[in-house]
Amino acid sequence: MNPLVEPFRDPLTSTFSHVVYDAAGGRAAIIDSVLGYDGPSARTNTVLADHLIDFVRRQDLSVDWILETHAHADHLSAGAYLRDQLGGRLAIGRGIIGVQQHFQQLFNLGDDFIADGRQFDHLFDANESFAFGGLTGYALATPGHTDDSLTYVIGDAAFIGDTLFAPDTGSARCDFPGGDARKLFASVQTILDLPEQTRVFLCHDYPPDGREPAAETSVAAQRAGNKHLRAGVALADFVKLRLERDATLAEPLLILPALQVNIRGGRLPEPDSNGVRYLRLPLNQLGQPASMAG
Ligand SMILES: N[C@@H](CCC(=O)N[C@@H](CS)C(=O)NCC(=O)O)C(=O)O
Ligand SMILES: [Fe+2]
């Protein structure tokens, strides 16, 4: 059985969230939700997540899974909020533990943050299968952009997270902690090995000028025409191209708030003694020092 898929786009971070379901009145999974965040005011909002909730209620769906393809660095997850509102199990890849360990040190979180994945209801192992309603799926390990990255294959649909982008845009960056262009190359081969009619749902689209954002492509289109990783591109050529491009990219605007919230499954840190919740900013840790070259 193949799923119905409703994509939702966040215009601020160019993220797609997907509601995946077996039929109206049936069972659903939500993949890669977004909690709104305004940087200057440090104010969160649930506008986008509430659109998902409206859709779920209008279609009379029961949510079994709230899935993350990886610990996102560019937006905050609404996973915990959606689970509170809709139920379901919040899940991510087991590799989240390594990501948590890394960022626990960067943010110096101390003993009140335990880096063992307990912030989630379930951690997927590579190739682990799962089911909801009449649909069956499995988690394909697709590391490279991050080490915890999964692709969820559900019927004829693959939710590839940040691996490939649209064919004219190429691939995800590999310069985050735990990122590895060689691993991404191998992961993409496993995606391209899926049946060619497989529908491919993206986590982001950063379209070139003049093209409208698109949430969906196919294995056939990626094999034939992905700018970075169409069939036949050699590993060494891809790694060179990826490293060169990564050297030009700035840190995502929301990387510091996003990771502090996303390693907690989308929950905000506990309040201080005054009742206010705080995020931390490690100074001079990310990015490159300013060049003297002018
Ligand atoms: N300008 C965006 C960049 C976000 C970003 O770095 N996205 C990652 C995925 S989380 C990526 O792979 N980008 C590839 C690229 O920008 O070429 C922001 O600040 O949020
Ligand atoms: Fe990402």
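Visitor: How many cavities of 30 Å³ or more does the structure hold?
Guide: Two cavities of 30 Å³ or more. Keep in mind that this is a predicted model.

Visitor: What volume does the largest cavity have?
Guide: About 40 Å³.

Visitor: And which residues line it? I mean the largest cavity.
Guide: The lining of the largest cavity is made up of E68, H70, A71, H72, S77, I92, F120, N262 and G265. By class, three of these residues are nonpolar, five are polar and one is charged.

Visitor: What about the second largest cavity, what's its volume?
Guide: That cavity comes to about 30 Å³. Its lining consists of H18, I31, D32, T69, F159, I160, G161, F201, L202 and C203.

Visitor: How does the lining of the second largest cavity split by class?
Guide: Six residues there are nonpolar, three are polar and one is charged.

Visitor: Switching to the ligand. Where does ligand 1 sit?
Guide: Ligand 1 takes up the space of the largest pocket, and that pocket has a volume of about 820 Å³.

Visitor: Which residues lie nearest the centre of the largest pocket?
Guide: T13, S14, D74, H204 and Y206, out of a lining of 37 residues. Elements giving two or more residues to this lining are β4 (36-38), α1 (47-58) and α6 (235-246). The largest share comes from β4, with three residues.

Visitor: OK, and which residues surround ligand 1?
Guide: The shell contains D74, H145, D162, F165, A172, R173, H204, Y206, R245, P252 and L253. Five of the shell residues are nonpolar, two are polar and four are charged.

Visitor: What does the side chain of Y206 do with ligand 1?
Guide: One of the polar side-chain atoms of Y206 is 2.8 Å from a nitrogen atom of the ligand. On the oxygen side, an N or O atom in the R245 side chain lies 2.6 Å from an oxygen atom of ligand 1. L253 comes in through its backbone, with a polar atom 2.9 Å from an oxygen atom of the ligand.

Visitor: How much of ligand 1 does the protein bury?
Guide: The protein buries 80% of the 500 Å² that ligand 1 exposes when taken alone.

Visitor: Last one: what can you tell me about the second largest pocket?
Guide: Its volume is about 390 Å³. Of the 15 residues lining the second largest pocket, D112, F113, R264, P269 and E270 lie nearest its centre. The lining divides into six nonpolar, three polar and six charged residues.

Note on methods. Residues numbered from 1 in each chain as written. Chains lettered and ligands numbered in written order. Predicted model: local features only at pLDDT ≥ 70, side-chain atom pairs only at ≥ 80, totals over all residues. Heavy atoms only, no water. Near = heavy atom within 4 Å. Polar contact = N/O pair within 3.5 Å; in protein donor to acceptor, adjacent residues only side chain to side chain. Areas by Shrake-Rupley, 256 points an atom, 1.4 Å probe, with all protein chains shown as cover. 1 Å grid on protein atoms, 1.4 Å probe; cavity = no way out; pocket = protein on both sides within 12 Å on 5 of 7 lines; lining within 4 Å. Sits in = over half its atoms within 2 Å of the grid points. Nonpolar A, V, L, I, M, F, W, Y, C, P; charged D, E, K, R; others polar. Points joined across faces, edges and corners; volume = space filled by probe spheres on them. Helix = DSSP H or I, 4+ residues; strand = E, 2+ residues; numbered from the N terminus.
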